[in-house]
Amino acid sequence: MSDAAPDARFAEGPGFDWRPRTRVLFGPGSLTRLGELVAPPAASGEAPLGKRALVVTDPGVVAAGHAAAGAEALRAVGVETSVFEEVRANPTTADVAAAVAAARDHRADLLIGLGGGSAMDVAKGANFLLAGGGAMRDYHGVGKGRGTFLPSVGVPTTAGTGSEAQSFALIADDETHIKMACGDGRAAFRAALLDPDVIATVPAKVAAPVAIDAVSHAVETAACRVRGELSGMFARKAFSLLARSVRPYLSGAATAEDRAAMLLGAHLAGAAIELSMLGAAHALANPLTAKYGTTHGVAVGRMLPHVVRFNAADPAVRAIYEDLAAAGGLTPSAAALAEFLDGLLPSAGVSGGLGRAGASADDLPQLAELAAEQWTAGFNPRPVTAADLEGLYRCAF
């Protein structure tokens with residue numbers, strides 16, 4: 001989502017106002033080019049992004065050797081580099097505070113978010129506080145940043161969130177446990193580096209949920225209430241890449257071409273979110289994660305097929321789903337799209353409905369009330385009430 005005024009950002013119709021902020025470098029082996037991306041050769045005429053970099057990452061990425069490779073590429077061009085490796089999954093304000101302290105200790109003038117969505121969100125969150133001080137809750141919402149943000153680079157190590165294409169940091173408040181979306185155009189990465197070789201080392205238990213989340217981003221942005229020509233183009237291309245490669249990726253049979261398609265597809269789906277919004281599947285997923293600890297991608301995967309069937313009752317939305325299915329090589333129907341989505345979790349070795357996740361039938365009304373309060377519910381292409389959302393939970397039970 002951009003930082004333009006809401007009436008411009010969510011304008012309907014064929015027009016658009018696109019202000020790309022992020023250079024995208026894509027290709028196998030491109031992690032080795034992180035140094036030249038940050039400190040281009042003098043002959044290029046481009047100014048370096050910084051001289052003292054903090055790499056924000058997590059223990060898994062460190063163990064895989066990617067943090068060391070990135071740091072080595074930076075040091076090779078004379079960038080003083082420190083690695084902060086304490087990011088946890090589903091990061092909170094405590095993770096951001098620790099990254100801020102590390103950045104100040106290193107006197108960083110550049111941030112590198114190297115990892116999954118959590119690492120990139122923490123890098124963006126730290127940038128808010130380094131620039132404007134205060135607490136993350138001060139920046140909950142859109143366009144509330146202040147001060148001068150540091151240059152930053154996003155390097156995804158999973159094919160999932162597309163955070164490197166977005167100006168939002170998703171951070172949970174340690175006290176209230178509310179997941180805050182903090183967005184400002186200045187928080188967008190100056191550059192994103194997409195290396196398909198890096199995602200070859202992602203453990204299956206990590207890769208599967210985020211891959212399903214990437215597919216959900218393409219499906220929900222394609223049809224959401226505030227969709228536009230540009231977001232629709234990104235969503236359609238993202239789904240065409242993801243749909244053909246996600247099954248082998250989930251089963252562990254991915255080729256180098258599949259990994260490239262997954263990483264680029266996830267990025268384009270993230271770009272579609274930046275230009276539009278999500279829908280009811282994400283609204284339904286968040287309470288499942290908060291109440292039962294269900295991994296976000298699994299929660300979305302359980303709900304999305306039912307949301308597609310619900311939305312397809314609207315002929316205009318059904319036509320979008322038909323076009324999306326065709327783009328992904330499926331029979332051009334909403335039913336075929338929903339059936340394809342039904343098969344993703346079993347392909348990842350996850351079976352069962354909400355009962356398997358720990359929910360009881362008595363929980364569903366409360367879950368539906370929580371889902372109705374989620375921001376994304378209001379952007380579903382077919383309006384949803386708490387009663388509708390409860391019905392969708394019952395379909396997935």
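This is a predicted model: local features need pLDDT of at least 70, side-chain atom pairs count only at pLDDT 80 or more; totals for chains, interfaces and linings use all residues.
Residues are numbered from 1 along each chain as its sequence is written, and side-chain values use heavy atoms, with hydrogens and water left out. Helices (H or I, at least four residues) and strands (E, at least two) are DSSP runs, numbered from the N terminus.

**The sheet**
- β4 pairs with strand β6 (residues 152-156) in the parallel sense, over 5 bridges; two strands pair if DSSP finds at least two bridges between them.
- Zooming out, 6 strands make an open sheet with parallel pairing, in the order β1-β9-β6-β4-β2-β3.
- β1 (23-26) and β3 are at the edges with a single partner strand each, so one side of each has no neighbour in the sheet.
- On average, neighbouring strands of this sheet are turned by 20 degrees against each other, direction ignored.

**Helix α4 on the sheet**
- α4 lies across β2, β3 and β4, and runs at about 165 degrees to β3 (axes are lines fitted to C-alpha atoms, for helices over the stretch in contact, and angles run from 0 to 180 degrees between N-to-C directions).
- In helix α4 (residues 66-75), the buried residues are His-66, Ala-67, Gly-70, Ala-71, Ala-73 and Leu-74 (buried is under 20% relative accessible area, exposed over 50%, partly exposed in between, with a 1.4 Å probe and protein chains only).
- These residues cover an arc of only 160 degrees around the axis, which puts them on the same side of α4; the arc is that of the directions from the helix axis to the C-beta atoms.
- Ala-68 and Glu-72 are exposed on the other side of α4.
- The cover over the buried residues of α4 includes α2 (34-38), β2 (52-56), α3 (59-63), β3 (80-84) and β4 (110-115).

**Ala-119**
- Ala-119 sits in helix α6 (residues 117-132) and is buried, at a relative accessible area of 1%.
- Beyond its neighbours within four places in sequence, Ala-119 is in contact (heavy atoms within 4.5 Å) with Val-56, Thr-57, Val-87, Gly-113 and Leu-114.
- Ala-119 and Glu-86 are 33 residues apart along the chain, with 9.1 Å between their C-alpha atoms.

**A helix pair**
- Helix α16 (residues 364-372) packs against helix α17 (residues 386-396) at an angle of about 125 degrees, and their axes are 8 Å apart.
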